[in-house]
Amino acid sequence: MEIAGKVAIVTGAGAGIGAALAYRLVAGDAKVVVADLDADSAAKVAADLGDNAIAVGGDVADEQVVAESIATAEREFGPVDLYFANAGIGGGPGLDSTEAQWASTIEVNVMAHVRAAKLLVPGWLERGSGYFVSTASAAGLLTQIGSAPYSVTKHAAVGFAEWLSVTYGDKGIRVSCLCPMGVDTQLLTGALIPDNPEAGALAIKAVKTAGAVLSPEEVAETVVEAMAAEHFLILPHPEVLQMYRNKGSDYDRWISGMRRFQTMLRA
């Protein structure tokens, strides 16, 4: 997959990984719809990118907002070739997470992906091509100490991306799933669990202790390289693959190790 000449939608593109993806795509001669809940941030990124980008503000878990993004892309640039389901939230802590926290995390981290695919896949099947990139997390392959909703929904995001690839991969539709550990974004600087600072601090400490914190630009470059090779799993932190292998080879040992890691973090 070459990004030059392609039309892309990037959600959560007002900052962080999403903004870095938008800049990298435009630098690679793609045209981009910058979508974000923060309409002002989306507009600033799009304005900085010039004629090859346009902003759409709104909640991308809302199917109407996704439909508006697709319609805007088609009107301004042409049919959508690439969709980056990148928007995400942290949610709540553990069993004390509220129903509202669970619901909002499921909506943004999972259902936003499902709804976008529902709108895009029929057209991609007719054209015989399309590329869906899901931003999950290493937490979707491993787990997230400190946040049950984040861990569960990121696992679900990986599962949906897998299903999408298995179901449509032989019909011209490519799927990649981005699973980084620490990235220098607002989510890692205090917004992972905004309503519970103690749990949020534990979750963030777990991420920062596990490996290097990368810049959004480093992650975006890794994504483009992986798409060129059409890899399903995109791992900006290569060590995640070995962690995942360790988990699969001896699940009980891995869980015991994670318990010890959690105890160390709380010490």
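Here are legends for several close-up views of this predicted model.

Residues are counted from 1 along each chain as its sequence is written, and side-chain values rest on heavy atoms, with hydrogens and water left out. Because the model is predicted, local features need pLDDT of at least 70 and side-chain atom pairs count only at pLDDT 80 or more, while totals for chains, interfaces and linings use all residues.

**View 1. Helix 3 and the face it hides.**
Helices (H or I, at least four residues) and strands (E, at least two) are DSSP runs, numbered from the N terminus. Helix 3 takes in residues 63-76, and at 1.5 Å a residue its 14 residues should span 20 Å; the end C-alpha atoms are 20 Å apart, which agrees. (The expected span is 1.5 Å times one less than the number of residues.) Which residues of helix 3 are buried? They are Val65, Val66, Ser69, Ile70, Thr72 and Ala73. Here, buried means under 20% relative accessible area, exposed means over 50%, and partly exposed is in between, using a 1.4 Å probe and protein chains only. Look down the axis of helix 3 and its buried residues fall within an arc of 160°, so they line one face of the helix; the arc is taken from the directions from the helix axis to the C-beta atoms. An α-helix has 3.6 residues a turn, so residues three or four places apart point the same way. Over on the other side of helix 3, Gln64 and Arg75 are exposed.

**View 2. The cover and the ends of helix 3.**
The buried residues of helix 3 are covered by parts that include strand 1 (7-11), strand 2 (31-36), strand 3 (53-57), strand 4 (82-85) and helix 4 (99-127). Contact means heavy atoms within 4.5 Å. Just past helix 3, Gly78 has a positive phi of about 125°.

**View 3. Helix 1 and the residue that follows.**
The twelve residues of helix 1 should span 16 Å at 1.5 Å a residue, and its end C-alpha atoms are 17 Å apart, which agrees. Buried residues in helix 1 are Ile17, Gly18, Ala19, Ala20, Leu21, Ala22, Leu25 and Val26. Their cover includes strand 1, strand 2, helix 2 (39-49), strand 4, strand 6 (173-178) and helix 8. Just after helix 1 comes Asp29, with a positive phi of about 75°.

Most residues other than glycine have a negative phi, and most peptide bonds are trans. Asp29 sits in the loop between helix 1 (16-27) and strand 2, and counts as partly exposed at 46% relative accessibility. Glu230 is not a glycine, yet has a positive phi of about 55°. The loop that holds Glu230 runs between helix 8 (216-228) and strand 7 (233-234). With 35% relative accessibility, Glu230 counts as partly exposed.

**View 4. Tyr83 and its neighbours.**
Tyr83 belongs to strand 4 and is buried, with a relative accessible area of 2%. What does Tyr83 touch, not counting residues up to four places away in sequence? The answer is Ile9, Thr11, Val66, Ala116, Leu120, Trp124, Tyr131, Phe132 and Val133. Ala117 is 34 residues from Tyr83 along the chain, and their C-alpha atoms are separated by 8.8 Å.

**View 5. Thr105 meets Thr153.**
Thr105 has its place in helix 4 and counts as buried at 0% relative accessibility. Setting aside neighbours within four places in sequence, Thr105 is in contact with Ile89, Gly90, Gly91, Gly92, Val110, Pro149, Tyr150 and Thr153. Thr153 lies in helix 5 (residues 148-168), and at 2% relative accessibility counts as buried too. Not counting residues up to four places away in sequence, Thr153 touches Thr105, Ile106, Asn109 and Val110.

**View 6. The second largest pocket.**
This pocket has a volume of about 300 Å³. On a 1 Å grid over the protein atoms alone, a pocket is an open set of points where a 1.4 Å probe fits, with protein on both sides within 12 Å along at least five of seven lines; lining residues have an atom within 4 Å of a point. Grid points are joined across faces, edges and corners, and the volume is the space filled by probe spheres set on the points. The lining is made of 18 residues, of which Ile145, Gly146, Leu202, Gln262 and Arg266 lie nearest the centre. Helix 7 (197-210) and helix 10 (251-266) each supply at least two lining residues, and helix 10 gives the most, with six.

Key
Expected span 1.5 Å × (residues − 1).
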